[in-house]
Amino acid sequence: MCLGGMDTMLGKRNCRMGSCSGTAITTLDRQALCLNHFLSRCYEKLEGVDPRGRKFSAEPVDVASMRAFIEECSRKTLDISLQSKNLSNLQRGRLLDILLWAGELFLLLRAPRVSLAESIASTGDELATRAAAPNY
């Protein structure tokens, strides 16, 4: 499905996902994608970087690459939303959902980071302080 002048650098290239023969409308992670594969790739990657869905891990997180992806995803999603004329309501809804999710993640990444262990320790200290207070 051609969505009217999306990315002039793509020309008439096809989507690079598997055997998809759809026309690429944009790139994500330097890969030409049709609209459907762009949407699924955004959802997949946002789910992968969302700390709310991950189990606690001592493994370091590359915040810079997470931010870079979130910014690219947001920018490309907005470009598609504003420049495409033949979007269905479902496609528009998915694009909006991606923009909102990316915005939430960007705010989460800007918030001061507190580890799970620090959070548990501070909660324990607060409970001990309350228990020791005579008027509580």
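Guide: Helices H2 and H3 pack at an angle of about 150°, with their axes 9 Å apart; the axes are lines fitted to C-alpha atoms over the stretch in contact, and angles run from 0 to 180 degrees between N-to-C directions. That angle makes H2 roughly antiparallel to H3 (angles under 35 degrees count as roughly parallel, over 145 as roughly antiparallel, 65 to 115 as roughly perpendicular and the rest as oblique). H2 passes H3 in a left-handed crossing, a term for a near helix turned anticlockwise from the far one by less than a right angle, with clockwise being right-handed. On the H2 side the contact is made by Val63, Met66, Arg67, Ile70, Glu71, Cys73, Ser74, Thr77, Leu78, Ile80 and Ser81. H3 brings Arg92, Leu95, Ile98, Leu99, Ala102, Leu105, Phe106, Leu109 and Arg110 to it. Here contact means heavy atoms within 4.5 Å. By class, the contact of H2 with H3 holds 13 nonpolar, three polar and four charged residues (Ala, Val, Leu, Ile, Met, Phe, Trp, Tyr, Cys and Pro count as nonpolar, Asp, Glu, Lys and Arg as charged, and the others, Gly among them, as polar).

A word on the source: this is a predicted model, in which local features need pLDDT of at least 70 and side-chain atom pairs count only at pLDDT 80 or more, while totals for chains, interfaces and linings use all residues. Residues are numbered from 1 along each chain as its sequence is written, and side-chain values use heavy atoms, with hydrogens and water left out.

Now bring in H1. H1 and H2 pack at an angle of about 150°, with their axes 11 Å apart. That makes H1 roughly antiparallel to H2, and H1 passes H2 in a left-handed crossing. From H1, the contact takes Leu35, Phe38, Cys42, Lys45, Leu46 and Val49. H2 answers with Met66, Phe69, Ile70, Cys73, Lys76, Thr77 and Ile80. These residues divide into ten nonpolar, one polar and two charged.

H1 also meets H3, at an angle of about 25° and with the axes 11 Å apart. H1 and H3 are therefore roughly parallel to each other, and their crossing is left-handed. Look for Leu35, Asn36, Phe38, Leu39, Cys42, Tyr43, Leu46, Glu47 and Val49 in H1, facing Gln91, Arg94, Leu95, Asp97, Ile98, Trp101, Ala102 and Leu105 in H3. Twelve nonpolar, two polar and three charged residues make up this contact of H1 with H3. The C-alpha atoms of Gln91 and Leu35 are separated by 8.6 Å, though the two residues are 56 apart along the chain.

Not counting residues up to four places away in sequence, Ile70 touches Leu46, Val49, Ala102, Leu105, Phe106 and Leu109.

Stepping back, the chain has four helices and two strands, running β-β-α-α-α-α from the N terminus on. Helices are DSSP runs (H or I) of at least four residues, strands (E) of at least two, numbered from the N terminus. Buried residues make up 29% of the 136 residues in the chain.

Finally, two residues in the loop between S1 and S2 are worth a look: Asp29 and Arg30. Phi of Asp29 is near 55°, and Arg30 has a positive phi of about 65°. Most residues other than glycine have a negative phi. Asp29 is partly exposed at 33% relative accessible area, whereas Arg30 counts as exposed at 84%.

Technical notes:
Buried means under 20% relative accessible area, exposed over 50%, partly exposed in between (1.4 Å probe, protein chains only).
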